[in-house]
Every structure is written in structure tokens, then in C-alpha cells.
Amino acid sequence: MDNFKVNTFYTILDITTTQITKRFNEETMPFFKDLSLFSHKRLREVAETNVIPKDAFKWFSEIYGKFVDEESLKHEYIQFSKSYFDFEKIMNLPVKFDDTNKDSWIQFDTDSDDDNDAGTMVERGAGITGFYRHSS
């Protein structure tokens, strides 16, 4: 058992500690700070307040500044944060469609040879009714 501790466990622990120190350092932390702006919590905060940290995307702009304007990026991020939760609501199809207004339904072409086509999926019985409701 001592052999296992010394030759395996401590070796793995040492490698893991070294990698964490190497990957999460002063040079990489600004990247992780920018990345954290895309967490659910931060997106909600920005969507509700329109406020982002003054140094948001600073690191990104230092690297990609000749391609991306920092102020435009911040503005786009604020717009994205407001739209994100609308996208989140429509990520899953509803279990049952409301069929009170058939005029707002679209029927897919089932004559396509494309295997990725929704019509083909309907023909194969993939559980899709062949109709989707679209918002007007």
C-alpha cells in the first residue's frame, strides 16, 4: 500500500498540482474572467442592469484588438445577455403543440432526398408530426 501511495497517488497529486498552477496563473486569469461573463448568473445580472465590469473583454481586446473594437464587443455582449434568455426558452420543443390556430403552422416538404431534412425524419417516424408552429 505504501508503494501505491508513493509511486501512484503522490505522483498524480504532484502532476495535478503542477498543471493547476501552470494553467491558472496571472497570465491566464484575465481570459477566465472574460469567460465567466458567459455564466448564467452573469448573463442575468447584465441583462437586468446593463452594467458590465469596466475591464470586461480587455484581455480579449489586447489580443484581437485589430479585428474587434472593445466598445462594440461590450455593446454586443449586453445585447446578447438580453436575448440569451429568450433563446433558452425555445431550446426544447414543447411536448404538445397548441392547434388552435392552424394558419400559423408550416408543413415540411416530405419529398426531399436529404437525410438531414425534417421531412425525411417525418417519413421515418422520428416522432415529429411534420408541422411546427412559428411565431408571427
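Helix H2 (29-36) contributes the most to the lining of the second largest pocket, with four residues. This pocket belongs to a predicted model and holds about 170 Å³ of space.

**Second largest pocket**
- The lining consists of Pro30, Lys33, Asp34, Ser36, Leu37, Pro53, Asp55, Ala56, Lys58 and Trp59.
- H2 and H4 each provide at least two residues of this lining.

**Loop between H3 and H4**
- Asn50 is located in the loop that runs between helix H3 (40-49) and helix H4 (58-64).
- Although Asn50 is not a glycine, its phi is positive, at about 60°.
- Asn50 has a relative accessible area of 39%, so it is classed as partly exposed.
- Phe57 is also placed in the loop between H3 and H4.
- Phe57 is not a glycine either, yet it has a positive phi of about 65°.
- Phe57 counts as buried because its relative accessibility is 5%, and the cut-off for buried is under 20%.

**Nonpolar surface patch**
- Met1, Phe4, Val6, Phe9, Tyr10 and Leu13 make up a nonpolar surface patch of about 680 Å².
- Phe4, one of the patch residues, sits in helix H1 (residues 2-23).
- The relative accessibility of Phe4 is 47%, and Phe4 therefore counts as partly exposed.

Conventions:
Residues numbered from 1 in each chain as written. Predicted model: local features only at pLDDT ≥ 70, side-chain atom pairs only at ≥ 80, totals over all residues. Heavy atoms only, no water. Buried < 20%, exposed > 50% of the residue type's maximum accessible area, 1.4 Å probe, protein only. Patch = residues over 30% accessible without salt bridge, like charges linked within 9 Å, V, L, I, M, F, W, Y side chains within 5 Å. Areas by Shrake-Rupley, 256 points an atom, 1.4 Å probe, with all protein chains shown as cover. Salt bridge = Lys/Arg side-chain N within 4 Å of Asp/Glu carboxyl O. 1 Å grid on protein atoms, 1.4 Å probe; cavity = no way out; pocket = protein on both sides within 12 Å on 5 of 7 lines; lining within 4 Å. Points joined across faces, edges and corners; volume = space filled by probe spheres on them.
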